[in-house]
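Please look through the sequence and the structure below before reading on.

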Amino acid sequence: MLKKCRFSLLAIFKTILVGDSGVGKTSLLVQFDQGKFIPGSFSATVGIGFTNKVVTVDNVKVKLQIWDTAGQERFRSVTHAYYRDAHALLLLYDITSKSSFDNIRAWLTEIHEYAQSNVVIMLLGNKADMSSDRAIRRDEGERLAREYSVPFMETSAKTGVNVDLAFTAVAKELKHRAIQHPSEPKFQIHEYIEAQKEKSGCCSYF
Ligand SMILES: Nc1nc2c(ncn2[C@@H]2O[C@H](COP(=O)(O)OP(=O)(O)OP(=O)(O)O)[C@@H](O)[C@H]2O)c(=O)[nH]1
Ligand SMILES: [Mg+2]
């Protein structure tokens, strides 16, 4: 999987975005890839597609092949087939949608059924800019993430808050797993996220 090139190592990791329809998977990917948010009417993803994105972590180029899946139920059997060789899964809910949060447990059950047991999972509460319509408190997201021992943060595909961090944290974790120098301390993804993330609250960006 790892290919040596002249200046750095380039690893390719398959990362999949999953979660209910409308939670903002495509928007998150567009924000990460192009740094923009396209407002307007919601156009649900049909099937599955990927975008390649190179992230430099600790002087190593890590290529993330990011698969954007359709959240609609009718595409579920198609997306299951892609779980098997995923290195990471970003699981999204929408902080303004209780049902999308309640469905996270079902998504995690599916992930445990179809993905590799060592897949990196990250839980994201998206649309954090919509604080007036919030249905799920941040601590509810944190508690669920703790229960499943997965890292968590709130993101906004609209403002871009924590979007780069979500992908960078995954890239760092995957890179450290692939090339762990014996002298290096083990990368702690939870600690990294806690130190880097921008929190929603009275005086921040939301
Ligand atoms: N305010 C706000 N709106 C968002 C955000 N992310 C997505 N949206 C909006 O939510 C709607 C759904 O976003 P998509 O990115 O298409 O959702 P999806 O998860 O890809 O949906 P499927 O493709 O059906 O699975 C769109 O109207 C987006 O503009 C966000 O962070 N903030
Ligand atoms: Mg989509």
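Which residues in α6 meet which residues in α7? In this predicted model, Leu 165, Ala 169, Lys 172 and Glu 173 are the residues of α6 that meet Ile 189, Tyr 192, Ile 193 and Gln 196 of α7. The points below begin with this contact and then turn to the other topics.

**Helices α6 and α7**

- Helix α6 covers residues 163-178 and helix α7 covers residues 189-196, and their axes come within 10 Å of each other while crossing at roughly 155°.
- Because angles over 145 degrees count as roughly antiparallel, α6 is described as roughly antiparallel to α7.
- The crossing in which α6 passes α7 is right-handed.
- Sorted by residue type, the contact of α6 with α7 consists of five nonpolar residues, one polar residue and two charged residues.

**Helices α1 and α6**

- Helix α6 also packs with α1, and here the axes are 9 Å apart and the angle is about 85°.
- Because an angle from 65 to 115 degrees counts as roughly perpendicular, α1 is described as roughly perpendicular to α6.
- On the α1 side of this contact are Leu 28, Gln 31 and Phe 32, which meet Val 163, Asp 164 and Phe 167 on the α6 side.
- The residues of the contact of α1 with α6 divide into four that are nonpolar, one that is polar and one that is charged.

**Strands β3 and β4**

- Strand β3, residues 48-57, and strand β4, residues 60-69, run antiparallel and are joined by 10 bridges.
- Among the paired positions, Gly 49 has Asp 68 in β4 as its bridge partner, while Phe 50 stands opposite Trp 67 in β4.
- The hairpin of β3 and β4 has two residues between its strands, and Asp 58 in this hairpin takes a positive phi near 50°.

**The shell around ligand 1**

- There are 21 residues around ligand 1, and those that come nearest are Ser 21, Gly 24, Ala 44, Thr 45 and Gly 71.
- Helix α1, which covers residues 25-34, supplies three residues of this shell, and that is the largest share.
- By type, the shell around ligand 1 holds seven nonpolar residues, 10 polar residues and four charged residues.

Definitions and conventions. Residues are numbered from 1 along each chain as its sequence is written. Chains are lettered from A and ligands numbered from 1 in the order in which they are written. This is a predicted model: local features need pLDDT of at least 70, side-chain atom pairs count only at pLDDT 80 or more; totals for chains, interfaces and linings use all residues. Axes are lines fitted to C-alpha atoms, for helices over the stretch in contact, and angles run from 0 to 180 degrees between N-to-C directions. Helices (H or I, at least four residues) and strands (E, at least two) are DSSP runs, numbered from the N terminus. Angles under 35 degrees count as roughly parallel, over 145 as roughly antiparallel, 65 to 115 as roughly perpendicular and the rest as oblique. A crossing is left-handed if the near helix is turned anticlockwise from the far one by less than a right angle, and right-handed if clockwise. Two residues are in contact if their C-beta atoms, placed from the backbone, lie within 7 Å. Ala, Val, Leu, Ile, Met, Phe, Trp, Tyr, Cys and Pro count as nonpolar, Asp, Glu, Lys and Arg as charged, and the others, Gly among them, as polar. A residue is near a molecule or strand if its C-beta atom, placed from the backbone, lies within 6 Å of it. Two strands pair if DSSP finds at least two bridges between them.
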